[in-house]
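The sequence and structure come first.

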Amino acid sequence: MCKVYDAISLGGSTPPTLLKNTIMNKEKIIIKALDSGWYKLELTDKYGTYVGVCEQTLEDCIKYAKYYFSGADERKRKNDSWGECVKQLVEEDRKAGRSWE
């Protein structure tokens, strides 16, 4: 059995920016207490990128969540850059007569 912690149960020790669970910007944080004594942390940043990790304490969960949310813009920039790179490679392949379809 696991217990799900929401923004209210985490209380004042959690920064308000981590308590968001909105549809508009997609930010979401879910912390579940596992039977093993660890916590499962599920995060979705404002761009919809998801990550799930396990941490030993609630404090570690909050630290990781701060780290993850603070890197959202950089992660988005890198993902977009990678997407553009792949797009250019596909175009070059098509010009060379190779097709990936």
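## Burial and overall fold

A residue is called buried under 20% relative accessible area, exposed over 50%, and partly exposed in between. At 21% relative accessibility, Arg75 therefore counts as partly exposed. The model is predicted. Buried residues make up 25% of the 101 residues in the protein.

The protein contains three helices and four strands, and from the N terminus on the order of these elements is β-α-β-β-β-α-α. Among contacts with a separation of 6 or more, 36% join residues 24 or more positions apart. The protein exposes about 7300 Å², of which carbon and sulfur atoms supply 56%.

## Strand pairing

E2 and E3 pair in the antiparallel sense over six bridges, with Ile30 standing opposite Glu42 in E3. The two strands form a hairpin with five residues between them. In the turn of this hairpin, Gly37 has a positive phi of about 95 degrees.

E3 and E4 also pair in the antiparallel sense, over six bridges, and Tyr39 stands opposite Glu55 in E4. Here too a hairpin is formed with five residues between the strands, and Gly48 in the turn has a positive phi of about 90 degrees. E3 is mostly covered, as five of its six residues are buried.

In soluble globular proteins, nonpolar side chains tend to be buried together. The largest nonpolar core of this protein has 13 residues, and Ile29, Ile31, Leu41 and Leu43 touch the most other members. Two or more residues each come from strand E2 (28-33), strand E3 (39-44), strand E4 (50-55) and helix H2 (58-70). H2 gives the most to this core, with five residues.

Leaving aside its neighbours within four places in sequence, Leu43 has contacts that include Ile29, Tyr50 and Val51. Tyr64, Ala65, Tyr68 and Phe69 are also in contact with Leu43.

## Salt bridges

A search of the whole structure finds seven salt bridges. One of them joins Arg75 and Asp45, with the closest N and O atoms 3.1 Å apart. This pair links distant parts of the chain: Arg75 lies in helix H3, Asp45 in the loop between E3 and E4, and 30 residues separate the two. Asp45 counts as buried because its relative accessibility is 0%.

Besides Asp45, Arg75 is in contact with Thr49 and Tyr68, when neighbours within four places in sequence are left aside. The C-alpha atoms of Arg75 and Tyr47 are separated by 9.4 Å, and these residues are 28 apart along the chain.

Glu74 and Arg77 form another salt bridge, with the closest N and O atoms 2.5 Å apart. Both residues lie in helix H3, three residues apart, which is about one turn of the helix. Glu74 is partly exposed at 38% relative accessibility, and Arg77 is partly exposed with a relative accessible area of 46%. Elsewhere, salt bridges that share partners join Lys32, Lys40 and Glu42 into one network.

Lys40 is partly exposed, with a relative accessible area of 30%, whereas Glu42 counts as buried at 14% relative accessibility.

Note on methods: Residues are numbered from 1 along each chain as its sequence is written. This is a predicted model: local features need pLDDT of at least 70, side-chain atom pairs count only at pLDDT 80 or more; totals for chains, interfaces and linings use all residues. Side-chain values use heavy atoms; hydrogens and water are left out. A nonpolar core is a set of buried Ala, Val, Leu, Ile, Met, Phe, Trp, Tyr and Cys residues joined through side-chain atoms within 4.5 Å. Buried means under 20% relative accessible area, exposed over 50%, partly exposed in between (1.4 Å probe, protein chains only). Contact means heavy atoms within 4.5 Å. Accessible areas come from the Shrake-Rupley method with a 1.4 Å probe; for residues, only the protein chains shown count as cover. Two strands pair if DSSP finds at least two bridges between them. A salt bridge is a side-chain nitrogen of Lys or Arg within 4 Å of a carboxyl oxygen of Asp or Glu.
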